[in-house]
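Hi everyone, thanks for coming. Please bring the structure up on your screens, and we will walk through it together.

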Amino acid sequence: MENLFLYLVSLCLGIFIYWFILPSQWRSLFLFLMSLLFISLFNLKYVLYFLLHMVLVYSAGLYIDKVEQKKRLILTLTLLWLIGNLCFFKYSDLFFSAIVESGSGFSWMPKITFPALLLPLGMSYIIFRLIHFVVEVYKKKIPRSSFIDFGLYVLFFPTFLAGPVERFKPFHTQTIEMKAPDLSSINQGLFRIILGVAKKFIVADTLARWIIPALHTPESHPRFLVLLFVYGAAIRIYLDFSGYTDMALGVSRLFGYKIMENFNRPFFQRNVAQFWRNWHISVYSWIRDYFFFPFFGYRASTLKIYLGIFMTMVLFMLWHKGNLNFLLLGIYHGLGLVVWQLFQEMKRKYPSIRKWSLRPVFKPIAIFFTFNFVSVSFLLFYLDLPHLYAVLIRILK
Amino acid sequence: MKEKIKNFIVQNFLFGERALKDDEPLFESGIIDSLGLIKLLAFIEENFNVSIDMSEIMIENFNTLNDIMETLKSRANAS
């Protein structure tokens with residue numbers, strides 16, 4: 001709470017300097033420095049690490065933009081570097097543990113321990129922005145920018161910790177135009193911050209204190225209550241995550257930036273495909289644009305497209321965390337999406353099924369079914385498989 | 001060309017049950033998803049003898065019928 005208070009005081013001071021003291025041409029530099037300061041509060045090494053990546057990607061962008069020769073090679077090397085770094089920090093622990101584990105059965109094998117690698121905070125989001133930038137420069141889809149404007153886009157402190165992963169073009173346009181917020185924007189910004197704080201710190205954290213222990217002991221609660229805990233657990237993930245997004249969007253608004261929304265009523269969607277289009281929109285659409293379309297979506301056979309849909313979801317889940325739970329989540333939702341697409345094909349072929357599915361009564365049923373489909377799977381965010389099994393048995397038996 | 005594309009969308013994604021406005025967002029309204037976009041691109045390539053570059057496959061280039069026409073027009077001008 002002390003940190004939150006300190007953050008709010010610094011924020012107010014920052015906003016005052018930003019709008020009332022600095023001339024407009026210094027504002028992006030100020031915000032960039034403020035972002036560096038914010039990151040350095042977590043660890044100064046992160047700042048140096050991210051700056052190194054930014055210099056590299058910006059230089060690669062300049063080269064790709066100016067020189068036609070070997071630009072594909074430069075792009076490939078840059079992408080390999082960025083993805084390699086992300087995978088190293090995110091999955092090396094898993095990889096090394098698996099090696100040590102596999103050798104543990106042999107007595108001659110020396111006992112090896114690897115120092116735990118700490119994933120720099122916000123690294124995934126920064127790598128996603130950097131990949132987006134260099135690919136779009138390659139496609140000639142984004143305007144030239146100064147290093148400061150580019151750096152501000154990458155490190156923008158309100159979205160540093162938990163996104164959204166804004167696209168460069170709309171962000172950069174706002175940096176250039178730098179419109180002072182009107183009263184309505186300030187109101188909206190403050191409202192989103194209050195909403196985010198309430199969602200995250202009041203509702204989601206309280207729900208977590210009640211629900212997570214209860215889910216570990218389902219046998220000591222009535223069946224109906226356990227079912228409510230399952231729903232509550234899913235809603236808690238949404239409130240936690242969207243609360244962060246609300247705060248990020250609200251703070252951005254106070255600095256004159258309108259950042260893309262990350263959630264759009266996901267629990268009121270009629271099918272799993274709609275759900276994912278409205279959940280963590282910025283990252284899901286990023287993976288769609290930079291993984292699904294390039295690898296699976298270009299002049300592909302139907303089988304390859306289905307494989308792409310499945311793999312996209314597996315990758316999206318493994319991006320959250322490289323463990324069995326998230327692999328299972330990816331497989332579950334990947335299969336869900338494929339089955340949904342097959343159902344769509346059936347609707348095209350058989351008008352009777354299509355007409356039946358379009359009946360008004362079907363809509364609330366579809367929403368309820370989708371909510372249940374998602375809620376059950378989100379238990380994997382909290383529980384290992386034996387505990388998940390115990391919860392399901394408690395509800396079903 | 002526009003009418004043919006519109007007709008394709010209406011028949012395949014709206015099942016011929018209603019009309020499509022030129023500025024109606026295809027993705028936000030859930031008419032077309034990623035798979036639908038791939039089918040639409042295949043239809044355009046096959047029927048109009050155009051080759052759409054991978055770098056052009058972005059939702060924003062195909063979000064409405066007007067966007068689709070604009071994308072096809074700008075690539076025709078470029079070539």
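Predicted model: local features only at pLDDT ≥ 70, side-chain atom pairs only at ≥ 80, totals over all residues.

Residues are numbered from 1 along each chain as its sequence is written, and chains are lettered from A and ligands numbered from 1 in the order in which they are written.

Let's begin with chain A. Its secondary structure consists of 16 helices and 0 strands; helices (H or I, at least four residues) and strands (E, at least two) are DSSP runs, numbered from the N terminus. How does its radius of gyration relate to the globule rule? The radius, taken over C-alpha atoms, is compared with 2.2 Å times the number of residues to the power 0.38. For the 397 residues of chain A the rule gives 21 Å and the model has 23 Å, which is close, so chain A is as compact as a globular protein of that length. Along the principal axes, its C-alpha atoms fill a box of roughly 65 × 55 × 55 Å.

In chain A, 33% of the 397 residues are buried. Here, buried means 20 or more other C-beta atoms within 10 Å of the residue's own, exposed means 12 or fewer, and partly exposed is in between, with C-beta atoms placed from the backbone. Two residues are in contact if their C-beta atoms, again placed from the backbone, lie within 7 Å. Of the contacts in chain A between residues at least 6 apart in sequence, 72% join residues at least 24 apart.

Now chain B. Chain B has 3 helices and 0 strands, and from the N terminus on its elements run α-α-α. Its radius of gyration is 12 Å, which agrees with the value near 12 Å for a compact globule of 79 residues. Buried residues account for 18% of those 79.

On to helix packing. Find α8 (residues 183-216) and α9 (residues 223-254) of chain A: they pack at an angle of about 155 degrees, with their axes 7 Å apart. Axes are lines fitted to C-alpha atoms, for helices over the stretch in contact, and angles run from 0 to 180 degrees between N-to-C directions. That makes α8(A) roughly antiparallel to α9(A). Angles under 35 degrees count as roughly parallel, over 145 as roughly antiparallel, 65 to 115 as roughly perpendicular and the rest as oblique.

Helix α9(A) also meets α15 (residues 362-378) of chain A, where the axes come within 8 Å and cross at roughly 85 degrees. The two are therefore roughly perpendicular. Among the residues making this contact are Val230(A) and Ile237(A) of α9(A), and Val374(A) and Phe378(A) of α15(A).

Next, please click on Leu327(A), in helix α13 (residues 324-349) of chain A. Leaving aside neighbours within four places in sequence, Leu327(A) is in contact with Val314(A) and Leu318(A).

Last, where do the chains meet? The contact takes 15 residues from chain A and 10 residues from chain B. On the side of chain A, α10 (272-277), α11 (281-296) and α12 (302-320) each give two or more residues, and α11(A) gives the most, with 5 residues.
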